[in-house]
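Below is a short briefing on one protein chain. Please look over the sequence and the model before reading on.

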Amino acid sequence: MSLPDSAASATPRPVRLADYRAPAWRVTSVDLDFDLGIDSTEVAARLTLARDPAQDLPLTLDGEALELLSLRLDGRDLDAGDYQLGADGLSVPAARDGSVLETRVRIRPATNSAFEGLYLSGSAASGFLLTQCEAEGFRRITYFIDRPDVLARYSVTLRAERARFPVLLAGGNTDGHGELADGRHWARFVDPHPKPSYLFALVAGRLESIETSVTVADGRSVRLVLWAEPDAIARCDFALAALERALRWDEQAYGRVCDLDVFHVVATHDFNMGAMENKGLNIFNAKYLLTDPDSTTDDEYRAVEAVIGHEYFHNWSGNRVTCRDWFQLSLKEGFTVFREQQFSAAMHSPDLKRIEDVAMLRRVQFPEDAGPLAHPVRPAQYREINNFYTATVYEKGAELIRMLAERLGAAAFRRGADLYFARHDGSAATLEDLLAALGEAAGTDLTPYLAWYAQAGTPRLSARGEHDPATRRYVLRLAQRTPATPGRPDPSPLPLPVKLALFDREGRALPLRLAGEAVAQGHERVLELRDAAAEFVFEDIAQAPVPSLLRGLSAPAILEADAAPDDLALLLRHDADGYNRWEASQQLATRAFLAVHAGQARNPALAAWTHSLAELTTAPADDLALLAELLTPPGEIELGERVETLHPDAVRAARIVLEQTLAAALGSAVLARRYRALHAAETGAQDAAAQARRRLKRRLLELCGHADADTGHALAAAQFEQAKGMTDRLGALTCLLQFGAPQAQAALDAFRQRHAGNAIALDKWFAVQAQTPGESALARVEALTADAAFTLRNPNRVHALIGSYARGNRSGFHRADGAGYRFLTARLLELDALNPQTAARMATAFNGWQRLEAIRREQARRALAALAAQAPLSRDLADILGRALAS
C-alpha cells in the first residue's frame with residue numbers, strides 16, 4: 001500500500017450551503033494509537049461506524065498526504081479490490097451499520113510546512129510535535145469523515161521515546177500512562193464528550209509547565225496547566241491568571257462550568273492562527289500567550305487576556321455546541337468573539353473596549369465588505385474554507401450577536417443563551433438554532449435578522465431631521481441602502497436597530513416620547529428601521545435638537561447623516577458616554593479630512609474638531625486613555641474608504657494636514673509640557689491608571705513631532721533610552737521611524753541587540769520598519785527578507801514583515817510603479833509552496849484594488865493576473881486570486 005499518485009485539485013468544485021445533506025455515515029467512537037516520531041509517525045485508527053438507513057451510500061473517508069499501511073474491516077484484512085484509494089480519500093463499499101474499520105497510516109511531520117495535521121514546531125533537535133485540525137486538518141492524520149457534524153467520543157494512546165518526547169498530551173482526561181521497552185513510554189487520554197474531528201489535538205516534546213487548581217461552580221477541582229518550551233515557561237504567569245479570570249467570568253456571566261478534570265494550554269511559535277480551542281488542549285500562537293514587561297506592550301497584555309478568554313469560552317460556544325457545517329462558522333466564532341468582547345469590557349473599560357472593537361471593524365471588516373473578497377457572514381458557497389476565517393465571519397459576526405443582545409436586553413439574551421446551550425448540548429447546530437432559542441426566550445421572532453447573515457456589504461444609514469417649534473415636534477427620517485457586492489447588485493433592506501439620543505443646545509439629553517406614546521421612554525432608545533426608509537415623530541421637543549445616532553454602533557452600518565460641525569462638537573464635549581464622544585470626534589475628523597482631500601478652502605469641521613480638542617486637552621481629564629482616543633483621527637485605511645477613487649499618497653497627505661493642524665491648535669509648548677508631566681510619572685506599572693498615562697503620552701509624543709520636529713525627535717529618543725517597558729520603547733521607536741528622525745537607526749540597532757533572542761519582540765522590530773511610510777519602504781523590506789532572522793517558514797515572521805508592509809503601509813505598498821505589488825506576488829509564489837494558508841491570507845492585501853486610481857489599478861491587475869497564471873498554485877491562493885480578479 002502507498003500514497004495516492006496525485007495531489008488534490010487546486011480548483012475544487014464549490015461547496016454549496018443549499019447542497020447540505022446530513023452524513024450518510026457517522027462514527028460513534030474513535031480509538032487512535034500514535035507511534036510518534038519526527039520524520040515518521042504511524043497512526044492506527046479504530047472507527048465504530050453507524051449508517052443512516054435512509055441513505056444508501058458507500059462509506060467514504062477523507063484523507064490527504066497519508067501513506068496507507070493496512071486496512072481491516074470487522075477483523076478482516078482488505079485486499080486492493082475491496083476499497084478505492086484516491087488523492088483525497090478512501091472508499092470502502094463493504095462497510096455496514098455497526099462495522100469496525102481499522103486503518104494504519106504513515107505521516108511525515110518534519111516535512112509538513114503547511115502546519116495542518118501533525119507537524120513539527122521548531123527544529124528537529126529541540127522542537128516538539130503538535131496538531132492543527134481546524135478546518136480540515138484531521139484528514140492529514142488519518143482517514144475519517146472529516147466534517148463538523150460527525151461527533152464521536154475519542155480515546156487516544158500516544159507512544160514515543162521518553163528522552164525526546166517526555167511530555168505526551170491529548171484532549172480529554174488522563175486515563176493512564178506507563179513505561180515501555182527501549183526507553184519509550186505511553187499515555188492514554190479519554191474525552192467523555194463527543195466532539196468533531198477538527199477539535200482533535202495532541203502535543204509531544206520537551207515542555208515545562210506551570211499550573212493552578214480551582215474549584216469550579218459545581219464543586220469539582222479542575223487543574224489549569226500552561227505548557228511552553230523551557231526558555232519561555234517563565235513568561236506564562238499572566239496567561240495562567242487570565243485563564244482563571246476567564247473561567248470565573250464565564251461561570252458568572254453565562255453559567256458555563258469547565259467540564260473536564262484538567263485544562264491544558266500549549267504555546268508554539270509555529271502556528272497559522274492565533275489560537276485553537278481543541279477540547280481540553282488549547283494550542284496557542286506564542287504571541288498570544290507569552291508576556292513580560294520588557295517585551296510586551298499594554299495592548300498586547302489585553303490581547304493575550306482576550307484570546308485566552310476567547311479560546312476558553314469556545315468550550316461551550318463551539319465545542320459542547322459545535323457548528324453543523326462550515327457555513328455556520330460564525331455560529332461559534334461570531335458568538336465567541338462577542339463573549340470575548342464582553343469579558344474584556346468587564347475586565348477593563350467598557351468605553352475603551354468598544355472604541356477598540358469599532359476601530360478594528362472599520363479598519364479591517366468594512367474594507368473587506370466593500371471589496372472583491374466581500375462575502376456574507378454565512379456564505380452561500382466556498383471553494384476553500386480556510387479562506388473564510390475572516391473579519392466578516394468573526395468581527396461582523398460578533399456585531400450581529402451584539403445587535404441582537406441589545407435589542408433583546410441583557411436578561412432575555414441570557415435566557416436565550418441558556419436555552420441554546422441546553423437544547424443543543426452535544427450536537428452540531430445552525431444559526432437558525434441560535435436565533436430561534438434567543439427569540440423564544442424573549443417572546444419575539446428574530447427570523448428577519450437572518451438576512452444579515454445572508455447578505456454581504458455594509459449598510460449606509462442616512463438621517464434627516466426637521467423640527468416644528470409650533471407643534472414641538474421633531475421628525476426624524478431614516479433611510480438605508482447597501483452598495484452592490486459581488487453577485488448581488490441590489491441588496492435588500494435589513495432590520496436595522498438605531499440607538500439614539502437627542503440633546504439640547506446645552507448638551508443635556510432630552511426625554512424621548514414618540515407620537516402615540518403616553519409618556520417618555522427614557523433618554524436613550526432603539527428604533528428599528530425595517531424597510532428602506534421610515535420616519536419617526538418625537539413629541540415635546542421645544543427646540544431643534546442635536547441627534548446622536550447609531551449610538552454604540554448599534555448596528556454594523558456607516559452613518560451618512562449630514563450633521564453640522566457645531567452639533568458634532570457639542571456631542572464631543574458633552575455626551576456622557578465615552579464611546580459616543582469618540583464617535584463624534586471621528587465624524588468631525590472624517591468631515592475635515594474630506595474637505596482637505598477635496599481641496600476646499602473652507603473647512604468648518606476642521607476648525608470645530610481642533611477647537612474642541614484644544615479645550616479638552618487643557619482641561620482636567622478623568623479618563624486619560626479616552627482623551628488619547630479623542631485626539632486620534634481615523635487612520636489612512638478608514639479614511640481611504642470614504643473617497644471614491646483611492647490615491648494612497650493623497651490620503652496620507654490629507655491626514656497629515658489634520659495632524660499638523662491639531663498639533664498647531666494645541667501648541668508645541670502645551671504638548672511638550674503635558675507630555676513631560678506624564679513621562680515623569682512613569683514607573684513601569686501595569687495597572688489601568690499607568691496604562692492610561694502611557695496611552696496618552698504616546699499620542700502626545702506623536703503630536704509633538706508634528707508641532708516641532710526637533711522637540712519631537714529629542715523627546716522620542718529620550719523616551720526610547722529611558723523606557724521601563726515595551727509600550728514606551730516601541731512607541732518611541734515608531735515615532736522616530738515615522739518622522740524620519742536622525743536618531744532612528746541607532747534606536748533600531750539597540751532594539752535588535754536587546755531583543756535578539758526573543759522571537760515575539762523581534763517580530764516588532766521587523767514590523768515597525770515595514771510600516772515606515774513612503775516609497776523607500778520597499779528597499780528596506782527587501783533588505784530585511786535577507787536578514788538571518790527572517791524566514792518564510794514562520795507565519796508570525798511573515799506577517800510581521802511582509803504583512804505589515806502590504807496591509808499596514810499604504811503609501812509604501814501602493815507605489816505608482818507597481819514595484820510593491822510585484823514584490824508581494826513574488827513572495828506569495830514562494831510562500832504558497834510552503835504554507836498555502838499564510839500565502840492566501842497575505843494575498844488579501846490586494847482586496848479593494850479596483851478602487852485605486854488608474855495607474856496603480858492597472859499595475860495591481862497585472863501583478864495579480866501574472867500570479868494567477870502561475871501553475872500549480874494551491875487551492876487556497878488560487879481561490880483568493882480568482883475572486884479578486886473576477887470582479
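Apart from neighbours within four places in sequence, Thr297 is in contact with Met726, Thr727, Leu730 and Lys764, where contact means heavy atoms within 4.5 Å. Thr297 sits in the loop between strand S21 (281-285) and helix H2 (298-313). Its relative accessibility is 10%, so Thr297 counts as buried; buried means under 20% relative accessible area, exposed over 50%, and partly exposed in between (1.4 Å probe, protein chains only).

The model is predicted: local features need pLDDT of at least 70, side-chain atom pairs count only at pLDDT 80 or more, and totals for chains, interfaces and linings use all residues. Residues are numbered from 1 along each chain as its sequence is written, and side-chain values use heavy atoms, with hydrogens and water left out.

**Overall build**

- The chain contains 27 helices and 32 strands; helices (H or I, at least four residues) and strands (E, at least two) are DSSP runs, numbered from the N terminus.
- For 887 residues, a compact globule would have a radius of gyration near 29 Å, and the 28 Å of the chain agrees with this. The radius is taken over C-alpha atoms, and the globule rule is 2.2 Å times the number of residues to the power 0.38.
- Along the principal axes, the C-alpha atoms fill a box of roughly 90 × 70 × 60 Å.
- Of the contacts in the chain with a separation of 6 or more, 71% are between residues 24 or more positions apart.

**Surface and charge**

- Buried residues make up 60% of the 887 in the chain.
- The accessible surface is about 32,500 Å², and carbon and sulfur atoms account for 50% of that area. Areas come from the Shrake-Rupley method with a 1.4 Å probe; for residues, only the protein chains shown count as cover.
- There are 99 positive and 115 negative side chains, and the centres of the two sets lie 2 Å apart. Lys and Arg count as positive and Asp and Glu as negative, without His and the chain ends; the charge is placed at NZ of Lys, CZ of Arg, CG of Asp or CD of Glu.

**Strand S18 and its partners**

- Strand S18 (residues 221-228) has 6 of its 8 residues buried, so this strand is largely enclosed by the rest of the structure.
- Strand S17 (residues 208-215) runs antiparallel to S18, and 8 bridges join the two. Two strands pair if DSSP finds at least two bridges between them.
- Val214 stands opposite Val222 in S18.
- The hairpin of S17 and S18 has 5 residues between the strands, and Gly219 in this hairpin takes a positive phi near 95 degrees.
- S18 is also joined to strand S19 (residues 262-268), in parallel, by 5 bridges. Here Arg223 has Val262 in S19 as its bridge partner.

**Backbone points to check**

- Glu134 and Ala135 are joined by a cis peptide bond with omega of about 5 degrees. Ala135 belongs to the loop between strand S11 (128-132) and strand S12 (153-161).
- A cis peptide bond also runs from Ala871 to Pro872, with omega near -5 degrees. Pro872 is in the loop between helix H26 (854-868) and helix H27 (875-886).
- Phe115, a residue other than glycine, has a positive phi near 60 degrees. Phe115 lies between strand S9 (100-107) and strand S10 (117-121), in the loop, and is buried at 6% relative accessible area.
- Leu550 is not a glycine, yet has a positive phi of about 55 degrees. The loop between strand S31 (546-549) and strand S32 (558-559) holds Leu550, which is buried with a relative accessible area of 4%.
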